[in-house]
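Open the model in your viewer and keep the selection tool at hand. This tour tells you what to pick at each stop and what you will find there.

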Amino acid sequence: MTDTASTASGKPEEGESRRDFLLLATSTVGAVGATLAVWPFVDQMNPAADTMALSSTEVDLSPIEEGQSITAVWRGKPVFLRRRTAAEIEQATKDDSASMPDPQTDAARVQKPEWLIMVGICTHLGCIPLGQKASDPKGEFGGWFCPCHGSHYDTSGRIRKGPAPKNLLVPPYTFVGDETIRIG
Amino acid sequence: MSGSKIEFKNPVLKWVEYRLPIFSFIDSSVGSGYPTPRNLSYWWNFGSLAGIVLAIMVVTGIVLAMHYTPHVDYAFLSVERIMRDVNYGWLIRYLHVNGGSMFFIVVYIHMFRGMFFGSYKEPRELLWIIGVFIILAMMATAFMGYVLPWGQMSFWGATVITNLFSAVPFVGEGIVQWLWGGFSVDNPTLNRFFSLHYLLPFVIFALVFVHLWALHEHKSNNPLGIDIKGPQDTIPFHPYYTVKDLYGLGWFMMFYLFFVFFAPDFFGEPDNYIEANPLVTPLHIVPEWYFLPFYAVLRAFTDEFWFFSWFMSWVMDAKLAGVVAMFASVLIIALLPWLDGNKVRSMRFRPLSWMFFLIFIADCILLGYIGAMTAEEPYVTIGQWATLYYFAHFLVIVPLVSRLEKTGQPPESIAAAVTKKTEEV
């Protein structure tokens with residue numbers, strides 16, 4: 001009421017600017033508040049606490065013969081565990097200097113050269129590459145081949161040909177015994 | 001909207017109309033009070049057909065939701081239960097499943113109709129753009145609906161398409177986990193897709209309302225592509241086009257129900273009758289047929305693709321290039337009103353554009369074929385050239401041809417053309 005009175009009493013500019021300020025301030029606070037209120041509705045879609053709390057997985061490697069692979073499950077994803085043959089290791093290290101989309105040495109991808117451990121998900125669009133079974137197609141580089149869009153991985157799980165941009169991911173893992181690992 | 005206000009003799013109608021003018025609104029929208037070009041051909045049936053299919057999808061979908069369980073352990077079984085145990089469940093589900101394919105057939109024809117007769121041109125640009133939003137919303141709805149039965153194609157289709165977003169630099173992985181609600185496509189993903197699949201048709205419904213609002217402002221385009229100059233150029237929507245639409249609907253329902261009753265899995269993939277298994281990817285993942293051309297565009301971009309390595313590899317990797325190209329292949333349609341610089345709307349008077357339009361349709365079909373094939377030669381190379389042609393059509397051929405071609409002279413008015421034809425007969 002006093003505002004109206006002062007505006008009417010010959011100080012219109014002061015009254016106007018005060019109203020402008022109040023309008024601007026309330027609108028700003030309102031807009032910020034509305035924006036902040038959106039966040040819970042966005043964040044609810046992120047992985048929930050129970051999903052995040054997924055434990056690590058232990059895998060016994062002893063039953064795997066040389067040249068064999070098994071697939072374990074970690075965080076709902078397949079993990080490839082391959083006991084590589086000497087020829088595969090040799091091929092992988094020999095190719096260290098070859099040109100490839102995501103250059104990486106074989107040594108940087110393994111803790112023990114014999115054991116190649118990777119998340120078995122194609123880095124292109126998430127299919128599971130073939131090559132785990134002896135009868136599977138293994139692609140042009142003798143490793144894995146993704147049937148979805150034709151990505152070829154070598155014996156170190158590095159992308160060599162096709163649309164995938166990255167090498168197969170090496171998950172965090174530790175050897176808890178000579179022949180047992182913990183993934184995660 | 002235009003049209004004279006109608007008078008009601010019935011006291012109840014009069015009472016309602018005075019308080020809520022709903023009857024005059026209906027009359028001026030789809031009734032005798034809506035003037036329509038008198039020369040519309042059967043190509044103009046597909047808009048109303050699309051609306052009818054949307055209604056069928058909503059009704060069958062609401063019923064299916066009464067029996068479906070959106071949980072990874074029960075989804076597949078609940079769909080099988082609908083097929084085997086729920087009374088007429090097989091019919092309602094097959095209506096819904098094939099209705100999705102019908103929706104895309106009808107809308108694709110509707111879009112090609114618009115392209116041929118220049119329905120996107122001034123003053124119908126916004127009408128056209130809203131239409132592109134509708135097809136985008138339809139694609140999202142269809143994609144999420146396909147995940148719900150939780151078969152192998154459901155699961156792996158969802159995995160591949162959500163992984164598209166991982167191509168976004170820096171935040172891609174975060175976006176994908178946000179979409180999934182976990183570290184892979186799993187129960188949270190299924191739940192939210194169910195929720196959104198139920199919601200989006202109502203968004204489409206709202207978009208259709210805005211689409212019609214814009215349509216009724218300047219009325220339908222017509223095969224001659226010339227403006228309505230006066231009442232002599234129009235006839236009332238009702239009864240002339242209501243009856244024509246109904247006649248077309250009869251033929252359409254025969255086509256639709258043929259598939260429902262005699263070839264219900266014609267558009268489907270047998271792999272989707274195997275329950276989802278996160279550890280085994282099917283040998284050959286294909287999307288539903290209506291996504292195949294866009295899928296071919298996505299797959300065209302590999303490191304070996306010369307266009308990519310010459311022009312795009314310095315800003316993005318092949319995966320991102322494929323994703324960008326795929327979204328661009330839909331969005332570019334929205335730019336047509338400006339890419340096409342010709343004042344003449346209908347390609348009846350633009351023979352050169354007509355020819356390129358037919359080549360463009362052939363290219364879309366070729367892309368669809370390539371999208372269904374495995375990622376091997378010669379399909380990869382053919383797909384890459386077909387993709388380049390697709391974009392060249394929009395970015396080179398249409399802008400140049402539309403500005404340089406010699407066009408014929410459209411008739412003076414719709415009425416003049418129609419009466420001349422009658423005299424000739």
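The stops below run from the whole assembly to single residues.

**Before you start**

The model is predicted. Keep that in mind at every stop.

**Stop 1: chain B by domain**

Color chain B by its domain assignment. Domain 1 covers 1–30, domain 2 covers 41–285 and domain 3 covers 292–425.

**Stop 2**

Show both chains and select the residues in contact across the interface. How much area do chain A and chain B bury between them? The figure is about 2,500 Å², with 65% of it on carbon and sulfur atoms. Next, pick M45(A), L125(A) and H149(A). Together they supply 26% of the area that chain A buries against chain B, more than any other three residues.

Stay on the chain A side and switch to cartoon.

Now look for polar links across the interface. How many salt bridges does the rule find between chain A and chain B? The count is 0. Polar contacts do occur: 7 residue pairs between chain A and chain B, both partners at pLDDT 80 or more.

**Stop 3: salt bridges in chain A**

Start with D95(A), D96(A), D154(A), R158(A) and R160(A), which are linked in a network of salt bridges. Zoom in on one pair. The side chains of R158(A) and D154(A) meet with N to O at 3.0 Å. Are these two residues buried or exposed? R158(A) counts as buried because its relative accessibility is 0%. D154(A) is buried too, at 2%.

**Stop 4: R350(B) and its two partners**

Move to chain B and select R350(B). Its place is the loop between α14 (336–339) and α15 (351–372) of chain B. With a relative accessible area of 2%, R350(B) is buried.

- D340(B) lies in the loop between α14 and α15 of chain B, 10 residues from R350(B). At 5% relative accessibility, D340(B) counts as buried.
- E405(B) lies in the loop between α16 (379–404) and α17 (414–424) of chain B, 55 residues from R350(B). At 11% relative accessibility, E405(B) counts as buried.

**Stop 5: N39(B)**

Select N39(B), in the loop between β1 (35–37) and α3 (46–65) of chain B. Why does N39(B) count as buried? Its relative accessible area is 15%, and the cut-off for buried is under 20%. Show the side chain of N222(B) as well. The side chain of N39(B) makes a polar contact with it at 3.1 Å. Beyond its sequence neighbours within four places, N39(B) has contacts that include P223(B), Y241(B), I414(B) and V418(B).

**Stop 6: K166(A)**

Return to chain A and pick K166(A), in the loop between β7 (159–161) and β8 (173–177) of chain A. K166(A) counts as partly exposed, at 49% relative accessibility. Outside four places in sequence, K166(A) touches D102(A), T123(A), Y153(A) and I159(A). The C-alpha atoms of K166(A) and H124(A) are separated by 7.7 Å, though the residues are 42 apart along the chain.

**Stop 7: M312(B)**

Finish in helix α12 (residues 306–312) of chain B, where M312(B) is found. M312(B) counts as buried, at 14% relative accessibility. Show F301(B), F307(B) and A321(B). These are the contacts of M312(B) once neighbours within four places are left aside. F301(B) is 11 residues from M312(B) in sequence and 9.9 Å from it in space, C-alpha to C-alpha.

Note on methods. Residues are numbered from 1 along each chain as its sequence is written. Chains are lettered from A and ligands numbered from 1 in the order in which they are written. This is a predicted model: local features need pLDDT of at least 70, side-chain atom pairs count only at pLDDT 80 or more; totals for chains, interfaces and linings use all residues. Side-chain values use heavy atoms; hydrogens and water are left out. Domain bounds come from an automatic or database domain assignment. Buried area is the accessible area (1.4 Å probe) that two parts lose on being put together, summed over both. A salt bridge is a side-chain nitrogen of Lys or Arg within 4 Å of a carboxyl oxygen of Asp or Glu. A polar contact is a pair of N or O atoms within 3.5 Å; within protein, one must be able to donate a hydrogen and the other to accept it, and residues adjacent in sequence count only if both atoms are side-chain atoms. Helices (H or I, at least four residues) and strands (E, at least two) are DSSP runs, numbered from the N terminus. Buried means under 20% relative accessible area, exposed over 50%, partly exposed in between (1.4 Å probe, protein chains only). Contact means heavy atoms within 4.5 Å.
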